[in-house]
Amino acid sequence: MSSRLSLLQAFVFLLRRDLLLAFRNRAEYAMPLLFFVLVITLFPLALGALPELLARIAPGIIWVAALLAAMLSLDSIFRSDFDDGSLEQILLSAHPVAILVLAKVSAHWLVTGLPLLIVAPLLAEMLGMPGQAQATLLLTILIGTPILSMVGAIGVALTVGLRKGGIILSLLVLPLYVPVLIFAASAIENAAMGFEVSAQIYMLLAFLLLSVSLSPWATAAALRMSAS
Amino acid sequence: MPETALLESQDLSCIRNDRALFEHLDFTLESGEMLVVEGPNGCGKTSLLRILTGLRLADSGEVLWRGQPIDRLAGDYYEQVTYVGHHDGVKHELSCLENLRLARAMGVPSERDLDDVLEQVNLYAYGDSEVGSMSAGQKRRLALARLLATDSMIWILDEPFTSLDKSSMAMFTTLFEQHLQRDGIIVATSHHDITLPTLALQRLNLGQPA
């Protein structure tokens, strides 16, 4: 009798499936990135040509835009799987659901978080952010966006079964995003002024470890509730 | 070795919207037996099936697999179960083969070649085409093809024959019979008549909603 695949194989398989699905629905997944770029581009137009002001508020603008872009993309983690019954199949898998959830959330970060990391330097340059702050900006996005996906997944898992879950989702998730916003923006500001940023970065790393180790289990439990 | 009851429901009740759909339901399925759940719309057939898969919690009672409650077995129970629910559970953006490969990765892959599986459900020509462009009956056949692509003992089927034509129904009925002969277990709801020549067919009528 044949046996089930190893957990790692199943993880990689589901990750690849989600990336493939994202690639085939690329228009839908380009939306959050487009939103991120547009919001940040509109600020200089609205505020006028004041380089000092723009450089001053750049960390805040970029991170608020990243937060909203992440919110915009959250629903796609589980929505289509819930609607077509694939989620039931995942919940009935022989593998631990939490690990499969981790695969799905990782795929979500690769298609929504990673692109932000790639366009952020361009946008930072456009807003006139000083060079030494840009490296910190990238670091905060690298550490911060996975937290947004992880925490967001819990919220989506709780609301995916509701007919109008969108509003509840933002109310649930935004407060949990605020600490990331505060520490990330503060790190970039400190870097711009030439101060030490390790405290904020360590704090963000701690959030990341906490969310990676707890969120998949919470998400799996919430999905079971939503599916029943 | 004396055969213990494989799948057992003890005192199951299901309450929905303050109304009891069924109460104190007991049945036992040994290997090679099939249970057909019958009853009018809204009598709790789907709920019963979802309780048997563990997707839904029973309001009282429990489901036992080889004498152990299924919620404690988790993965060890799920590798024995293939569920085809009301939704097909296939991804429209993926091809037939990609969908079946995923089903195998989630459960226990059978030794059958996937091309043979598709051939058996008459979808061989559609292996690489996107599921979204196929008809409802073809999607249903693909969903049921999961039963062959994975190696599981318990098949739980919610209206398996929805949108299937007569020849496909006959083909799947034959497959069900083969599964029972290999000592498998099937639990199904169906508005279509499932006629199997085997005697191992139990019928459970959930009756009128109270």
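**Entry 1**

I began at Gln10(B), whose bridge partner in strand 4 of chain B is Glu62(B). The model is predicted, so I note that local features need pLDDT of at least 70, that side-chain atom pairs count only at pLDDT 80 or more, and that totals for chains, interfaces and linings use all residues; side-chain values rest on heavy atoms, with hydrogens and water left out. Residues are numbered from 1 along each chain as its sequence is written, while chains are lettered from A and ligands numbered from 1 in the order in which they are written.

I took helices (H or I, at least four residues) and strands (E, at least two) as DSSP runs numbered from the N terminus, and counted two strands as paired if DSSP finds at least two bridges between them. Strand 1 (residues 7-16) and strand 4 of chain B are joined in the antiparallel sense by five bridges. Strand 4 (residues 60-65) also pairs with strand 5 of chain B, again in the antiparallel sense, over two bridges; here Leu64(B) stands opposite Pro69(B). Two residues lie between the strands of this hairpin, where I found Arg66(B) with a positive phi near 50°.

**Entry 2: the parallel sheet of chain B**

I traced a further open sheet in chain B, with five strands in the order 6-7-8-3-9 and parallel pairing. Its edges are strand 6 (81-84) and strand 9 (201-205) of chain B; each has a single partner strand, so one side of each is left without a neighbour in the sheet. Neighbouring strands are turned by 15° against each other on average, direction ignored.

Within this sheet I checked strand 3 (residues 34-38) and strand 8 (residues 185-189) of chain B, which pair in the parallel sense over four bridges. Val37(B) has Thr189(B) of strand 8 as its bridge partner.

I also looked up helix 6 (residues 136-149) of chain B, which lies across strand 6 and strand 7 (154-158) of chain B and runs at about 170° to strand 6. Axes are lines fitted to C-alpha atoms, for helices over the stretch in contact, and angles run from 0 to 180 degrees between N-to-C directions.

**Entry 3: chain A against chain B**

I listed the contact (heavy atoms within 4.5 Å) and found 30 residues from chain A and 31 residues from chain B. I counted four salt bridges between the chains, each a side-chain nitrogen of Lys or Arg within 4 Å of a carboxyl oxygen of Asp or Glu. Arg24(A) and Glu98(B) meet in a salt bridge at 3.0 Å, N to O.

On the side of chain A that touches chain B, helix 1 (7-24), helix 4 (79-84), helix 5 (86-91) and helix 9 (198-227) of chain A each supply at least two residues. The largest share, seven residues, comes from helix 1 of chain A.
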